[in-house]
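Please keep the sequence and the model at hand while reading.

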Amino acid sequence: MADTALQYWNVGEDVSVRDAFGRILVHQAEARSDWVLLDADVAGGTGAKPLVTEHPDRVMQFGIAEQNMMAAAGGVADTGLIPVVSTFGAFGCMRAHEQFRTAIAYPERNAKLCCSHIGLDVGPDGATAQMLEDLATMRAIPGVTVVSPADANEFMKAFPAILDHEGPVYMRIGRSPTPVVFGADYEFEIGKATRVRHGSDVTVIATGVMVARALEAAETLAGEGVSVRVVNMATIKPIDVAEVVAAAAETKGIVTAEDHNIFGGLGSAVAECTAQHYPAKIKFVGVDDTFGKSGEHDELPAMFGIDAKAIFTACKKLV
Amino acid sequence: MRQAKPIDQTKIAELKELARRVRVDSVKMIQHAGSGSPGSTLSITDVLVWLYFHEMHIDKSDCRWDGRDRLVLSKGQASPAYYSIFAKLGWVSENELMGYRGFETRMQTHPEYNTIPAIDYTSGSLGMGLSATNGMALAARYQGKNDLRFFCIMGDGETQEGQVWEAAMTASHYKLANVVNVIDRNVFQGDRACADVMNQEPYAEKWRSFGWDVKVIDGHSFGDLARVFPTFDPQKPKLLIADTVKGKGVSFMEADNAWHTGGPKFDQAHLEQAMQDLGAVM
C-alpha cells in the first residue's frame, strides 16, 4: 500500500468530503486493482472526477441510468471484482433501491455504494437532491453496513476499510466544506464509535457533518458548566451497542444529531438500541419529517433546526 | 470469442429427448407445488436445453468453473426447467426437484444466488437481468477474460420494464459482442396477450435501432438454433428472438393463457393428461 503518499488535511480546516473521495479513489486505484468505479454521469458532483481523469480504465460509465448501473454492479461482483457504485443519494438509495436490495444485498454481493448529495449539506440544489431518507432506506435492508463519516480524513480512512469488508456497504459522501475533526493518526474501524469529547452530564451521539456541530455545542455548554460527551457514530449499522449503552448508563440522557429525517436514521437506531438494552431519555436533532429547500449549507441548518444551537438546546433539556 | 460448435442429427435427437424429460420434471414440480409458472417454463425449455447441453462452454464436473459461459435467467419464473437441467447435469440431486416452492428447499420459486452454486444471478424481479449480464461482461473485459460469453433469458412481457432498454443501450455502447440476449416471445404475459397489455411493436426494429444484431427463430427448433448462432454479427451484441408457444408440449396449456400459473385447477386429471402429452408414464 502506498499509504505514505496519502495527504491528509489538518484538523480545523474546512474540507468537502467529496474532495476526499476523489483523493482516496486515485490512491486506491494505484494501490490495488480489485475494484472499479461505476458512475452515472455525476463524477463531477460526487467527487470522483480525479479518478476519471487519472485512471479512466477504472471507471465504468452507465450514463443517466442508475437502476441499470446498480443491477450491473451485481453482475460485476459475480466475477470477484468489487464494484464501487457512485451517484447522488436520491438515485442510489431510492431510485435504484430495489436493484440494490435484489441484485446486491440479497445475494450478499461484495459491492459498495458511495453517495453524495445527502442531507441539507447539499445546499442550493434543493429538496429533490437533498436526500434526507438514505440512512432509513439503506438501514432497512438486511446485511447492509451503513457508514457516515464525519469529515474528509475519516472518509479517507473508511474507504479502504469498506473495500476490505466482505459484503454490501453503503457510505455517505458529504458535499459542503466541513471542519476536519480527525487527524491523520485516527484509526477507523467499521462498527466502532469514537468518543471525540469526554463528558459526564449528557451525551451527544452525532454522525456526519453533525459531529463538528456537536463539538461546537459541547464547548458552549462547558462554559455553562455542563459536561457533554460527544460520540462520533460513523457506522450507523451495525451500531456500536456498547458505546450507546455506556452513554445511557453513564450520562443523564442522549441527544442524537444527524443531517437526516428524524425517522429511520441515527436517532432511530440509537433508540432501538436503548429500548432493548438500557432505556434512556433521548432527544432527536434532525430534520423534523419534512423536505429540504434551496439555500446555502450554512443557512439551512438553523432554518431546519440541525445547527449547533439546536444541539445546545436539546442538551439543556436533559440536564 | 467462442464460436458455435458443430452439431449432428444424433445430438439433436438427444437434445429433444432431454427437453422432453425437462418438461416432464417441470410439470410434475409445478403440479406438486400447487402453483408456479408452467406456461413460461415450457416455452423456454428448448432454448435452455440447447444452451446448457450444447451451446455454452461449461464444465459438468465443476459448475463454478471460472472459464464457463454465464447464463442469467432474468425471467426467473422459468426456474423449474432450470433446476431440472441442473439435475440432469448432476449439479443438484433429482430428489430435490419436488421441493420446488416448498419449505426449506434450495428449489426457490425464483433462482437465488446463494442457494445453488450453479446459479450465477438472483433473478425474479423482472427487468434487471440484462443489466447484470452486461456487468459480468464488462468485468470480464476488465479482467482480460475475452473468450467468455454471457447469455441472458428474458420474456417478451418483461421488456416492458424500462431498465431493459437502459441495458440495451449499455451493451450496444460498449460493443458487448459476447452478450447474447434471448427473448422468449411466447406473446403472452400474466394477464393476457402482451400486445393487449402494452404493445411493443415494432419489436425487432426497436432492438435493431438500439444497435443489436437481431435474429428471429422458431424457439422450439434445434435446427434453427444450430443454424442461427454462426450467422450473428461478430461485432455487435446479439438479440435472439425465440418465437415460442406458451405451455409448449402440454395440450391444454398451449391453448389457454389461464395456465400462466397453475393453481387449484392443476389436479390429478390434468397432470395425467400432461404426462400423456409428454409421453411419460405416471
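## A buried glycine in chain A

A:Gly286 is buried, since 26 other C-beta atoms lie within 10 Å. A residue is called buried if 20 or more other C-beta atoms lie within 10 Å of its own, exposed if 12 or fewer, and partly exposed in between, with C-beta atoms placed from the backbone. The model is predicted: local features need pLDDT of at least 70 and side-chain atom pairs count only at pLDDT 80 or more, while totals for chains, interfaces and linings use all residues. Residues are numbered from 1 along each chain as its sequence is written, and chains are lettered from A and ligands numbered from 1 in the order in which they are written.

The place of A:Gly286 is in strand 14 of chain A. Helices (H or I, at least four residues) and strands (E, at least two) are DSSP runs, numbered from the N terminus. Which residues does A:Gly286 touch, not counting residues up to four places away in sequence? They are A:Glu258, A:His260, A:Asn261, A:Ile262, A:Gly265, A:Gly267 and A:Ile306. Touching here means contact: the C-beta atoms of two residues, placed from the backbone, lie within 7 Å. A:Ile306 is 20 residues from A:Gly286 along the chain, and the C-alpha atoms of the two are separated by 5.6 Å.

## Helix 6 of chain A

Helix 6 of chain A spans residues 97-105, and it is largely enclosed by the rest of the structure because seven of its nine residues are buried. The buried residues are A:His97, A:Gln99, A:Phe100, A:Thr102, A:Ala103, A:Ile104 and A:Ala105.

## Where the two chains meet

Each chain gives 22 residues to the contact between chain A and chain B. On the side of chain A that touches chain B, helix 4 and helix 6 of chain A are the elements that give two or more residues. The largest share of that side, nine residues, comes from helix 4 of chain A.

By residue type, the side of chain A that touches chain B divides into 12 nonpolar, seven polar and three charged residues. In this count, Ala, Val, Leu, Ile, Met, Phe, Trp, Tyr, Cys and Pro are nonpolar, Asp, Glu, Lys and Arg are charged, and the others, Gly among them, are polar.

## The two domains of chain A

Chain A is divided into domain 1 (12-179) and domain 2 (194-318), with bounds that come from an automatic or database domain assignment. The C-alpha centres of the two domains lie 25 Å apart. Their contact takes 27 residues from domain 1 of chain A and 30 residues from domain 2 of chain A.

On the side of domain 1 that touches domain 2, helix 7, strand 6 (145-147), helix 8 (152-164) and strand 8 (178-179) of chain A each supply at least two residues. The residues of this side of domain 1 are 13 nonpolar, nine polar and five charged.

## The sheet of chain B

In chain B, five strands form an open sheet in the order 1-2-3-5-4, with parallel pairing. Two strands are said to pair if DSSP finds at least two bridges between them. Strand 1 (70-73) and strand 4 (213-218) of chain B are the edge strands, each pairing on one side only. From one strand to the next, the twist averages 20°. Axes are lines fitted to C-alpha atoms, for helices over the stretch in contact, and angles run from 0 to 180 degrees between N-to-C directions.

Strand 1 and strand 2 (residues 150-155) of chain B pair in the parallel sense over four bridges. B:Leu71 stands opposite B:Phe151 in strand 2 of chain B. Helix 2 (residues 38-55) of chain B packs on the sheet and touches strand 1, strand 2, strand 3 (179-185) and strand 5 (238-243) of chain B. The direction of helix 2 makes about 150° with that of strand 3 of chain B.

Most residues other than glycine have a negative phi, and most peptide bonds are trans. A:Asp289, although not a glycine, has a positive phi of about 50°, and it counts as exposed, with 9 C-beta neighbours inside 10 Å. The peptide bond from B:Glu201 to B:Pro202 is cis, with omega near 5°.
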